[in-house]
Every structure is written in C-alpha cells, then in structure tokens.
Amino acid sequence: MTELTLLPYEDIVNRMHVVEVEGVSKSFGGKDIIRDISFSVEKGEIFGLLGPNGAGKTTLIRMLLDIIRPDSGKIRVFGASLDPAGKDRIGYLPEERGLYRKTKLVDMLVYLAQLKNVSGKQAHENAESLLRSLGLYEHRGKKVEELSKGMQQKIQFLSSIIHYPDLVILDEPFSGLDPLSTKTVKERIIEYRNSGKTVILSTHMMEQAQTLCDRILVVDRGRSVLYGSVEGIRKERGKNSLLVEFAGYGEGLDSGHCSKYGPEYGTGIGTVYGEGVNAGANSGVNAGGNLEADALSLLRGISGVRIIVEHEEEHKKFVEIFPEEGVSTQAILEELVSRVEVLRFEQSLPSLNEIFIETVEANASE
Amino acid sequence: MNKFSGKAFTVARHEFLKTVKRKEFLFMTFIFPVFLAGITLVPALLAGMTPSEDQSAGYVDSTGSFDFPVEVTNGGFAVGPFGEKSSTIEFVRYEDSPEASKALREGEISSYIVIPEDFLETGVIELYVSEKGVPVPRADLAADLSDIVVTSLLQDEVDEAVLRRVKDPVNIKLFNIGESGEADEQGIADILGDLGLPFLTAVLLFFSIFSASGYLLRGVSEEKENRVIEVLLSSATPTELLTGKVLGLGGVGLLQIMVWISAVAFGASYALPLNLDPFLLFLAVVYFLFGYLFFASLMAAVGAMTSSLQESQQVAGVFTFAAAAPLVFIQLLLTKPDSPLAVFLSLFPITSPVAMLVRIGSTDVPFYQIAASLFILMLSIQGVIIFSSRLFRAYLLMYGKRPALREVLRNMREG
C-alpha cells in the first residue's frame with residue numbers, strides 16, 4: 001500500500017514536500033521543549049504528529065505556523081520559509097480553540113476567511129457551501145453561543161478549512177468530540193486528503209492515528225522517537241508471528257483467557273503444547289477443554305515452529321505461531337492447511353497504540 | 001510603525017463594525033451626552049417648573065423694637081432660559097415662645113425665631129425648627145433677618161442711600177483686559193466658557209480615550225479568553241493584529257468624540273451663549289488621536305499579558321487612575337494653569353492630553369509648550385507601540401500565571 005519504513009534523508013528531500021523541518025530546537029525559560037527535530041510532510045498525505053501530552057507537539061505546530069520562532073534549525077513550508085502568502089494557504093485548528101461567542105456564524109467565518117485574503121464575496125460563498133455540507137446552513141444567522149457544543153465543534157473544524165487551504169494543521173481535532181462529530185470530522189479529513197490536500201494531524205489518540213495517518217512522527221519530551229509510515233513502523237515493530245484461527249478450536253468457550261502479546265508474552269509460554277496448564281484454561285475446565293487440547297495437538301509437529309501461544313480476544317480464541325528463523329510464512333500456511341480448517345491467517349502487527357506506549361516507556365526509562 | 005497591510009485593514013474593519021454595533025457603544029455615544037445634559041439641565045428645569053416654596057416663619061420679638069415686614073421674597077439664581085426661582089417667607093408674630101412653639105407643633109408655621117432682650121449686646125437670634133418638615137433655608141433667613149435688623153436699627157438715623165450700602169456694601173464686576181487693552185465685561189456665560197468648557201472637553205476627552213482603548217483591552221482579553229487568538233495569529237502577524245485593532249477602534253473613538261463634540265456644540269448654541277474655539281476643537285481631536293494611540297497600545301499589551309478580562313481590567317485600572325490625575329488636579333489646572341505642576345502634567349505623556357486641553361482652555365499656553373507636549377507624546381507612542389507589539393507577541397499565547405515584572409522587562413528588550 002504505502003512505501004516501506006524509513007527512507008534515507010536524501011530520498012525524502014527529492015520528493016514533493018509541503019513541510020520540511022531540519023534540526024529544529026526551541027527552549028522556553030531555559031527548558032528544552034523541542035530538541036533537534038527533523039521531519040518532512042509530503043503533499044497529499046495525512047501526517048500524524050503523535051506524542052504524549054506535553055511532548056512539544058503544539059510548540060512544533062506553532063513553529064510551523066511562524067507563531068513562534070525556533071531557536072535553531074530550519075523550517076520550510078511550501079518550499080520556503082513561511083511568508084504571508086504561505087500563511088494564507090494553511091488552515092489551522094488549534095488545540096485550545098474557541099469562537100467569538102457573540103458574533104453571527106456567517107460573519108465570523110467570513111472574517112476568518114478574509115484574514116486569509118479570501119475576497120468577501122468568495123468568503124460568503126465558501127461559508128455557505130461548507131455550512132450546507134455539514135448540515136448547519138439553517139443556523140448561519142445564529143450566534144455561536146446559541147449553538148450546541150457539538151455544532152460549535154463542527155464549526156471550529158469548518159473554520160480551519162473555510163479558505164480551502166493546501167495544508168490543514170489539526171491539533172487534537174477529536175478532543176472533546178462526541179462520536180457522531182468524530183465520525184463527521186474523520187470523514188472530512190479523509191475526503192480532504194483525497195482531494196490532494198495535505199493534512200497534519202496532531203493527536204494522542206492512537207486508534208484514530210492508526211486508521212487515518214499515512215506517516216507519523218512520534219515526539220516524546222521534545223525528541224523525535226519514531227518516524228516513518230504507519231505500515232512500515234508496524235511491520236518493523238512486529239514480532240514476526242502469525243495469528244491463526246481454525247475450526248474446532250475456541251468454540252463454546254466463554255471464559256478463560258490466555259496471555260496476549262507484549263510484556264506478558266513470557267508467561268504465555270506455559271500454555272505451549274500444554275493441556276490447560278495455565279490459570280485461564282483451568283477456569284474453563286470441561287469437556288470443551290479436552291476438545292481444545294485435541295485441537296491444539298493437531299498443530300504439534302509442524303516443522304519450523306518455535307512456539308505457539310494461545311490467545312483470547314473478545315470471546316474469540318486463536319493461536320499465535322512464532323516461526324523459527326528463516327522459515328517462510330508460506331511453508332507454515334501449507335502445513336496448517338493440511339492439518340486443520342484455517343479460518344483466519346494473518347501476520348501479527350502491533351497496534352500503533354502498543355508501539356507508542358512501548359516507545360514512550362522505553363524513552364522514559366532511559 | 002510597520003507598513004499598513006491588507007490584513008491590518010481587514011482587522012480594522014472587523015473591529016470597527018463589531019464595536020459600533022455593540023449596545024455599550026450606542027449607549028455611551030448617544031445616551032451619555034443626553035445623560036450628561038440631563039444631570040446639568042434637569043435640576044434647573046425642575047427648579048424652573050416647581051412653584052416657589054412659600055413658608056411661614058413665626059417670630060417672638062422680646063426687645064419689641066423690630067419692624068418685621070409681612071413677608072419677604074428672595075430672588076433665586078438660575079442659569080439659562082429657565083427663569084428664576086423665588087421663595088417667599090411670611091412672618092407671623094407671636095407674643096411669647098410657648099405660643100409660637102404650639103403653632104409650630106400644630107403645623108401653622110415651619111419654624112420660628114426668638115429675638116432675646118439682650119440682642120443688641122450679643123447679636124444672637126434663636127431659631128426653632130420642627131423635627132419634621134422643611135424649615136426655611138438658614139442662609140436665606142440670615143440674610144433676610146440682617147436686612148430687617150439693619151433697617152430697624154438705622155432707618156431713622158441715616159438716609160436711604162447709606163441704608164442701601166450698609167445692607168449691600170460691595171458688588172464686584174469683573175472685566176477682562178484683552179491684548180488690545182480694551183476692557184471687556186465678563187458675564188456668567190464667559191465664566192462658564194472659560195472654566196466649564198475646558199472641564200467639559202477634558203472629561204469628554206478622558207471618556208472617549210478610555211472607552212476606545214477600553215474596547216481594545218476588552219477585545220484582546222476576550223480573544224485570549226475564548227482562544228480565538230491562536231487562529232488569528234496563524235493568519236496575521238501580531239503587528240498586523242495590533243495595528244488593525246488600534247486603527248479600527250480608533251475609528252470608533254473618533255466617531256464617538258465627533259458625536260459628542262457635535263452634541264456639545266449644538267447644546268452650547270442652544271442652551272448657553274458660548275463660542276467654541278475651532279482651534280480648541282482641532283486640538284481636542286489631535287490630542288484624542290495621540291492620547292488614544294498611547295493608551296490603546298498600553299492596553300493592548302496589558303490585554304495580551306493577562307489571561308482574563310477581569311485581571312486585565314484590574315491592571316488597566318492603574319493606568320486609568322494615572323490618566324485621571326488631571327481631573328483630580330482640575331482646580332489647580334483651571335486656577336493656576338501656569339504653575340510648574342500644571343505645566344508638568346500637560347507635558348507628561350500619561351496626563352498630557354487631558355491636562356493640556358484644560359490649560360489651553362483656561363490660559364494662553366505658549367505654543368512651544370503645546371508643540372513640546374505633542375512631541376513628547378509622539379515619542380512615547382512610538383516607544384509604547386514598539387514595546388507593546390513585542391509583549392503582544394510574547395504573551396498572547398501564554399496562559400496561567402501573570403508574568404513577573406522582570407520577565408516583562410526582559411521581553412520588552414528582546415522582543
């Protein structure tokens with residue numbers, strides 16, 4: 001789908017870049033907020049700027065927007081340092097956001113568009129068509145304080161794209177949004193990217209980032225700790241295991257769960273080849289348990305398998321197979337197919353959330 | 001200042017239209033002059049319309065030598081075309097105190113006086129009034145009684161002219177000697193014109209400067225409080241925002257002061273025989289503009305540094321108080337407009353707009369002083385704008401604790 005993992009810097013430079021950040025640092029009152037961060041954002045992608053609260057994401061964004069200046073390093077937006085014309089091509093939804101409470105909706109949107117050098121007439125047109133598309137047209141004459149919170153949030157998002165910018169920077173766009181508004185905003189973001197525009201999305205909600213972002217930069221305590229495409233990072237961080245679900249295994253079982261991947265992995269070894277030795281299986285001891293042992297025993301003797309771990313997620317049981325070094329996925333699949341009826345077979349990829357927590361925790365223990 | 005940009009104009013237009021539509025603005029601009037006129041004219045009107053208060057006062061003359069008239073009428077004093085208010089005191093004779101006291105209790109009279117037997121030696125007259133009810137004003141009564149006493153004592157001793165002079169010894173008539181040397185009788189309108197008008201102009205100037213820069217303070221604080229400011233900063237530079245706001249709200253203030261001046265001019269031509277000096281009006285506008293620029297820039301910095309409207313208004317109050325100093329020293333400025341303190345106040349940038357206008361109204365201020373005060377004010381504006389836009393940039397996005405003074409000074413230097 002997307003390109004693989006980290007590209008060498010030279011390759012990145014040769015591409016079409018909307019934003020390039022090179023060795024940027026910033027400190028406030030002697031405290032380093034951003035330390036030597038470099039990254040670039042390509043045209044037509046959704047770029048995730050991730051990190052825990054207080055990592056420096058907002059500072060980074062404000063520097064992109066030339067609201068504050070870096071102490072050192074270079075920032076290029078649309079190929080040059082940001083000029084007034086460049087500013088007009090950017091839309092920004094700040095994390096700490098608000099609206100003029102006593103101003104009419106249309107008037108406010110028109111003002112914000114005019115500040116981006118959109119003509120008054122064009123601004124009116126944009127405002128009306130965007131309000132229509134979000135189903136808010138009938139409220140155009142109302143004051144912001146008369147709107148529900150959900151509507152206000154949609155308006156805020158709308159105000160960041162009122163001038164159809166080439167680059168939209170959204171700082172925590174989902175914070176405080178109800179599920180319905182989240183869905184609307186998410187659809188808009190994807191729609192926007194698909195129309196060839198670039199989106200920078202800062203968030204600490206990893207599920208959203210994983211589904212939305214093409215590439216990400218993870219910042220922690222002012223440092224860049226992870227950078228690349230979401231797919232690439234997940235593959236790289238994967239433990240190279242296979243998730244398998246097959247007929248006759250895990251049916252009729254509603255309790256008992258085995259270890260998952262991650263830190264608990266070690267304790268999971270106890271279940272390997274076992275017959276309900278671990279606590280999870282014990283609690284579910286019945287006829288099913290024996291059946292299961294039988295089903296599991298079918299997998300024995302597959303060559304090239306190092307370890308098999310049982311898992312249960314959302315009342316679904318499956319096994320995770322860790323092949324030995326150099327054994328192909330294909331060979332294992334063939335073996336499996338000859339022994340059981342395979343219902344699911346996929347390469348296990350850690351979620352962005354897991355990678356994020358792991359990375360940040362590792363960074364913290366340094 | 002930086003070059004004027006299209007975005008500053010957009011900001012200016014937005015701020016102007018937004019503020020002009022505000023209820024507070026409409027109230028201050030149109031209702032305030034009416035209100036001001038009201039508090040000066042209504043009492044006079046009321047006084048003109050209420051019938052004169054006639055009262056009855058009893059008297060007990062223990063010496064038996066005084067000749068009380070049946071009643072005396074006091075001419076009142078009022079400005080303008082509303083006529084004079086007069087009151088009549090009717091005198092009723094009683095034989096002794098208990099009789100008068102009884103009449104007082106029964107409400108026949110509102111007060112009574114007793115002239116003791118030793119009046120000639122002591123000069124003491126006793127006045128008895130009811131706890132309830134409105135007695136005859138003491139000042140009026142004292143004047144009336146003096147006349148009665150003088151008349152009774154001297155009537156047969158001296159001739160009529162001497163009697164009149166004893167009752168009313170001196171009348172001062174005021175003349176102004178102009179530059180050409182001719183004497184010019186000064187009437188009540190001139191006194192008002194010389195003292196009242198500078199005062200009125202000063203008050204209006206003070207109000208318009210502070211209402212306009214107050215809108216700026218409010219605007220900045222609100223944008224900071226409702227977090228719109230960050231979106232604005234992503235579209236325009238702090239300087240563009242600052243310039244736009246100052247210009248837009250300056251336009252509002254100018255509109256306001258024009259309405260007020262027209263109201264004063266109209267009111268003056270109608271109610272008071274005053275001549276408004278066009279030069280004074282011109283200077284009022286110039287000082288408004290300069291004073292406004294100075295305070296607006298200060299207010300912008302205050303608004304940017306504080307994190308809530310309430311907090312910003314507290315800090316701004318310090319400057320407002322300093323600027324109100326000329327109004328505190330108004331008497332000095334009016335009576336001794338050439339004293340060193342008055343000159344200082346009219347040169348010091350915080351107080352100069354109001355103080356200088358008062359001085360110009362009350363004396364012939366040397367031209368070099370006007371020029372110097374404008375020059376100092378211009379320099380200060382330049383300085384304040386530079387520092388303000390630095391602070392504006394540094395603090396607009398900072399929330400939470402109020403910055404320490406040392407930090408503020410550092411940011412002023414570094415920008």
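Mentor: The helix to examine is α11 of chain B, which carries a kink of about 30° centred on B:Ala316. Please bear in mind that the model is predicted. Helix α11(B) comprises 15 residues, 309–323, and at 1.5 Å a residue these should span 21 Å.

Chain B has 17 helices and seven strands, and 34% of its 415 residues count as buried. Among the contacts in chain B with a separation of 6 or more, 74% are made by residues 24 or more positions apart.

A pair of helices in chain B illustrates such an arrangement of elements. The axes of α10(B), residues 278–305, and α15(B), residues 352–362, come within 9 Å and cross at roughly 170°. Angles over 145 degrees count as roughly antiparallel, and α10(B) and α15(B) are therefore roughly antiparallel to each other. On the side of α10(B), the residues that meet α15(B) are B:Leu280, B:Leu283, B:Ala284, B:Tyr287, B:Phe290 and B:Gly291. Their counterparts in α15(B) are B:Pro353, B:Met356, B:Leu357, B:Ile360 and B:Gly361. By class, this contact has nine nonpolar and two polar residues, and no charged ones.

Chain B also touches chain A: 15 residues of chain B are in contact with 19 residues of chain A. On the chain A side, β5 (90–93) and α4 (105–114) are the elements that give two or more residues. Of these, α4(A) gives the most, with three residues. That side of chain A divides into ten nonpolar, four polar and five charged residues.

Finally, two loop residues of chain A deserve attention for their backbone angles. A:Asp66 is found in the loop between α2 (57–64) and β4 (72–77) of chain A, and its phi is near 65°, a positive value in a residue other than glycine. A residue is buried if 20 or more other C-beta atoms lie within 10 Å of its own; A:Asp66 has 20, so it counts as buried. A:Arg221 lies in the loop between β8 (215–220) and β9 (223–229) of chain A. A:Arg221 is not a glycine, yet its phi is positive, at about 45°. With 18 other C-beta atoms within 10 Å, A:Arg221 is partly exposed.

Definitions and conventions
Residues numbered from 1 in each chain as written. Chains lettered and ligands numbered in written order. Predicted model: local features only at pLDDT ≥ 70, side-chain atom pairs only at ≥ 80, totals over all residues. Helix = DSSP H or I, 4+ residues; strand = E, 2+ residues; numbered from the N terminus. Expected span 1.5 Å × (residues − 1). Bend = angle between axes of the 7 residues up to and from the residue. Contact = placed C-beta atoms within 7 Å. Nonpolar A, V, L, I, M, F, W, Y, C, P; charged D, E, K, R; others polar. Buried ≥ 20, exposed ≤ 12 C-beta atoms within 10 Å, placed from the backbone. Axes fitted to C-alpha atoms, helices over the stretch in contact; angles between N-to-C directions. Parallel < 35°, antiparallel > 145°, perpendicular 65-115°, else oblique.
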